[in-house]
Structures are given as structure tokens and as C-alpha cells.
Amino acid sequence: MSASLPVRAWALLLVLCGTIFLEGIDVAMLAVAVPSIRSDLDLSTSTAAWVMSAYVLGYAGFTLLGGRAADLLGRRRMFLGWLTVFLLFSGLGGFAQEGWMLITARFVTGVAAAFMTPAAMSIITTSYEEGPQRNQALLVFAGTAAGGFTLGLVIGGLLTQLGWRWVFFAPVLLAAAVLLAAVRLIPKDARPERTGGGFDLAGALTAAGAMLLLAFGIVRLEHGLDGWPLTALVAAGGLVLAGVFVAVERRAAAPLVRLGVLRKASTVRADLGALLFVGSFFGFQFVATLYLQELRGWSSLETALALTVMGVDAILAPTLTPRLVARYGNARVILGGFVLAIVSYALFLPLGPDWSYAAMFPTLLLSGLAFALAYGPLTIAATDGIAEEEQGLASGLLTTAVQFGSAVGISVVTAVYGIAGGGLDGFRSALVVPVVMVAIGAAVAATGLRAGKPTRAVQGSGGLAAPESATKVTVS
């Protein structure tokens with residue numbers, strides 16, 4: 001193994017982390033800029049809400065398909081192609097003059113992320129040897145994702161002061177830099193081996209349809225009891241299509257998704273845990289943002305700066321978490337993250353109308369620490385032990401769970417806030433949702449303690465070595 005390989009391994013990881021960082025700041029910056037966009041374009045409340053929801057719908061609706069496409073069509077090809085689409089439509093959003101133009105741009109950007117992110121994660125899981133090297137790479141990747149979102153809040157607040165269109169133009173510059181580096185650093189895929197039976201078009205269509213309807217139904221939860229028949233109809237349609245998808249996959253000669261992967265307990269547990277944990281995290285952050293801006297009257301920049309402490313996970317995930325996993329095992333660290341999150345959100349339940357920042361600080365700090373403990377190890381558990389030719393699928397399943405989790409968390413807290421009548425009582429009621437979600441997640445995570453030996457230890461602060469596979473990513 002040449003001395004230059006560790007440098008190349010880190011360079012490859014930096015490029016892939018650049019992608020997840022790009023996705024994180026893109027979402028966070030837009031969340032801060034929506035009020036300014038609404039005012040400038042004179043958008044209705046529902047149209048402004050769809051500026052955010054369209055991205056979630058595109059992302060959640062196509063992530064499963066995107067993950068499998070990386071396995072079947074080539075990870076490098078999917079990564080570079082959809083990163084280009086992400087770049088183009090992010091830029092187009094900055095030129096939007098009407099609400100429908102912005103919504104369309106955000107939907108396509110979400111679809112691009114749905115193909116791009118699982119491809120990036122599967123490149124990591126097939127480029128670094130399973131065990132300490134891969135685990136450390138995934139922890140760095142997870143920390144970068146969280147750091148991108150938190151930093152995006154601050155950057156979004158600053159850019160919105162200059163003009164909301166910069167929130168769309170800034171990611172274009174970062175995406176272009178990542179794309180140029182990726183072309184050089186990401187090795188070419190081996191030609192995928194087709195096993196016969198053709199591409200599972202029926203499976204692809206039913207999977208995308210089911211995910212889109214289910215995601216739309218979840219997004220509509222934010223309306224609470226208003227229009228519930230449509231919400232129920234959409235959700236029922238999604239479940240029916242999901243059933244059709246399962247029937248199609250059972251009969252397909254070359255299924256899009258091998259259903260056997262869903263019988264792997266550790267993968268299902270990790271995906272469900274990620275859904276609950278991320279949902280609680282984003283639900284809490286959404287409530288905290290509304291509380292500071294609507295009830296307390298803080299500016300978007302003041303709110304973003306206040307929440308920056310939650311970004312401690314970007315520092316701790318690649319430094320502290322590997323040492324804890326090495327000493328205590330993956331399952332215990334995940335459970336510790338859930339328990340810490342329960343304590344964190346519970347401390348915020350008695351919030352008052354004039355709470356000082358010092359009173360909020362423990363929750364903000366502990367929630368960031370909880371994210372550092374839980375999210376990275378959940379990522380490891382979701383892809384551990386999966387065959388190389390299905391790493392894209394495993395990454396897609398995890399990313400789907402994360403996107404559905406964020407949609408559930410935000411939609412349910414919004415619904416509870418509205419049903420409770422808004423105001424301080426509404427905020428307190430909505431804060432119960434993240435507590436309940438992480439409590440259920442802790443119960444799920446606890447089953448992992450009895451499931452067998454923990455994930456292989458992660459090396460501590462040492463360098464990330466690159467195995468032979470880091471110089472050539474193959475697709476089976």
C-alpha cells in the first residue's frame with residue numbers, strides 16, 4: 001500500500017462529504033429565507049409552505065429508487081449526473097419570478113438529492129473496508145451532514161440580508177466545486193453485471209408512486225384535522241401502491257428491491273431508529289425556531305446564531321463518537337444518544353414566554369451531543385453486513401427513513417401546535433411530540449443490546465487508511 005493512498009482516501013471522503021454538506025446547507029438556508037421569499041414574491045401561505053414541502057416530496061419519493069439505481073446503473077454515473085441536475089435547478093430557483101417556478105425547481109432539486117445522496121453513501125461503503133475504516137468514514141460523513149444544516153442556518157440568515165436569491169446561488173458555487181473535484185477523484189465504476197430479466201420498470205413505477213403518495217400524506221399532516229379526508233385518501237393510496245410494489249417484487253425475475261434485505265433485523269432497526277431520531281430532532285428544531293421568531297420576535301439571524309450550538313455534533317461525531325463505539329459498542333452508543341435526546345427535549349417542555357438563552361442552552365447543547373452519539377452509529381448499523389451489490393439499496397433505505405422522519409416530525413408538531421390553539425400552549429403541546437418519538441426510538445434501540453455482538457470497533461483519532469478498494473469502486 002503506497003504512502004499516497006491515505007491522502008487520496010481522505011480527498012475522496014472530502015468530496016463525498018461536500019455533497020452531504022451541500023444538501024444540509026441548502027435545506028437550512030431555505031428554511032430561514034422562506035419569510036423573505038413569501039414577502040418578495042407575494043406568495044400565499046400555502047404556496048410558501050409548498051416551497052419547502054416540494055423538496056421533501058421529491059427527496060422522499062425517489063430515494064429508494066435512487067439508491068437502487070446506484071447499484072444497477074453505476075454509482076459514479078448517478079452521483080455525477082444528479083449532482084449536475086442539483087446544481088442547475090438550484091440556480092434556476094434563484095431566478096424564479098412566480099411561486100410555481102420556485103416549487104418546480106425545489107421538487108426537481110429534491111429528486112436530484114434522492115439519487116445523489118444514496119450514491120455518495122454507497123461509494124463510501126464500497127470504497128472503505130468494512131470495519132474501522134468504513135465506520136470512521138461514515139461517522140465523518142454523518143457529522144458533516146449535521147454541520148451543514150446547522151451552519152446553513154447562520155449562512156442563510158446572512159445571505160437573506162443581502163437578498164434571498166443568494167440562498168439559491170450560493171449552493172451552485174459549492175456544487176460546481178464539488179463536481180469538478182468529484183470528476184477527478186471518484187474512480188470509474190466497473191460495468192454493472194446484468195443478471196437477466198431486464199430492468200424492473202413495474203417495480204420502479206410502483207415504488208416511486210407509493211413513496212410520493214405516502215410522503216404527500218405525511219406532509220398534509222401539518223393541516224391537522226382540516227382536510228383530513230384527502231389526507232387519509234392519499235395515505236391509503238400510498239399503502240395500496242406499496243402492497244402492489246411488494247407483489248411485483250415477489251414475482252420479478254430481477255427485482256428492483258430484494259425483499260430479503262428487509263428481513264435483516266439490524267437494518268430494519270437502524271432505519272426505524274433513524275426515522276424516529278431525525279424526526280424528533282427536526283420537529284424540535286422547527287418548534288424552537290417558531291418559538292424564537294414568532295413568540296419572542298427574534299430575527300432570522302438571531303435565531304440562527306442561537307441554534308448554532310446544536311452544531312457541536314459536527315465536531316464530536318468524527319472525534320468522540322468513534323472512541324465511544326470502540327469502547328462500548330455500536331448499540332450502546334445509539335441507545336445513549338436516544339436517552340440523552342429524551343432528557344434534552346424534556347428540559348424544554350416547561351418553556352416560558354420570556355425564557356433567557358441560558359435556560360435554553362442546556363437543551364440546545366444536549367440535543368447536538370445526542371445527534372453526535374446516535375446518527376453516525378445508526379448509519380453504520382444500517383449498512384453493516386450488506387453485500388456490496390446492495391449497498392446502494394441499503395443507503396437508499398436509510399435515506400428514505402431519514403427523509404420520512406423529518407417530514408413526520410415537522411408535520412406532526414405543526415398539526416399539534418395548530419390543534420392546541422397556537423401560542424405558548426401550542427408550543428408546549430408540540431414539544432411533547434419529539435419526546436415521544438425519541439422515547440419510542442429508545443425502546444427500539446434497546447432491542448439491539450440483545451441482538452448479538454456489537455459492530456466492529458472504530459479506530460480512534462488515527463488516520464483513515466485506504467484499502468485497495470478505495471482506488472476503484474466496483475458495482476456488481
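1. Among contacts in the protein chain between residues at least 6 apart in sequence, what percentage join residues at least 24 apart? The share is 86%, where contact means heavy atoms within 4.5 Å.

2. A word on the basis of this note: the model is predicted, local features need pLDDT of at least 70, side-chain atom pairs count only at pLDDT 80 or more, and totals for chains, interfaces and linings use all residues. Residues are numbered from 1 along each chain as its sequence is written, and side-chain values use heavy atoms, with hydrogens and water left out.

3. The protein chain has 17 helices and 0 strands.

4. On overall form, the C-alpha trace spans about 60 × 45 × 45 Å along its principal axes.

5. Of the 476 residues in the protein chain, 56% are buried. Buried means under 20% relative accessible area, exposed means over 50%, and partly exposed lies in between (1.4 Å probe, protein chains only). The accessible surface of the protein chain comes to about 18500 Å², and carbon and sulfur atoms account for 67% of this. The areas come from the Shrake-Rupley method with a 1.4 Å probe; for residues, only the protein chains shown count as cover.

6. The protein chain carries 29 positive and 25 negative side chains, with the centres of the two sets 9 Å apart. Lys and Arg count as positive and Asp and Glu as negative, while His and the chain ends are not counted. Each charge is placed at NZ of Lys, CZ of Arg, CG of Asp or CD of Glu.

7. Thr-19 sits in helix α1 (residues 5-41). Thr-19 counts as buried because its relative accessibility is 1%.

8. Asp-42 is in the loop between α1 and α2 (45-73). Its phi is near 55°, a positive value in a residue other than glycine. With 68% relative accessibility, Asp-42 counts as exposed.

9. Arg-77 belongs to helix α3 (residues 75-93) and is exposed, at a relative accessible area of 53%. From C-alpha to C-alpha, Arg-77 and Lys-264 are 28 Å apart in space, and they are 187 residues apart in sequence.

10. There are 19 aromatic pairs. Rings of Phe, Tyr and Trp (its six-membered ring) pair if their centres lie within 6.5 Å; planes under 30 degrees apart count as stacked, over 60 as edge-to-face and the rest as tilted. Tyr-291 and Phe-348 form an edge-to-face pair, 6.4 Å centre to centre with 85° between the planes. Tyr-291 lies in helix α9 (residues 265-295) and Phe-348 in the loop between α13 (330-346) and α14 (357-383), so the pair ties together parts that are 57 residues apart in sequence.

11. Phe-348 also forms an edge-to-face pair with Trp-355, at 5.4 Å centre to centre and 85° between the planes. Phe-348 counts as buried at 2% relative accessibility, and Trp-355 counts as buried at 16%. Elsewhere, ring pairs link Phe-149, Phe-277, Phe-281, Phe-282, Phe-338, Phe-371 and Tyr-375 into a cluster.

Definitions and conventions:
Helices (H or I, at least four residues) and strands (E, at least two) are DSSP runs, numbered from the N terminus.
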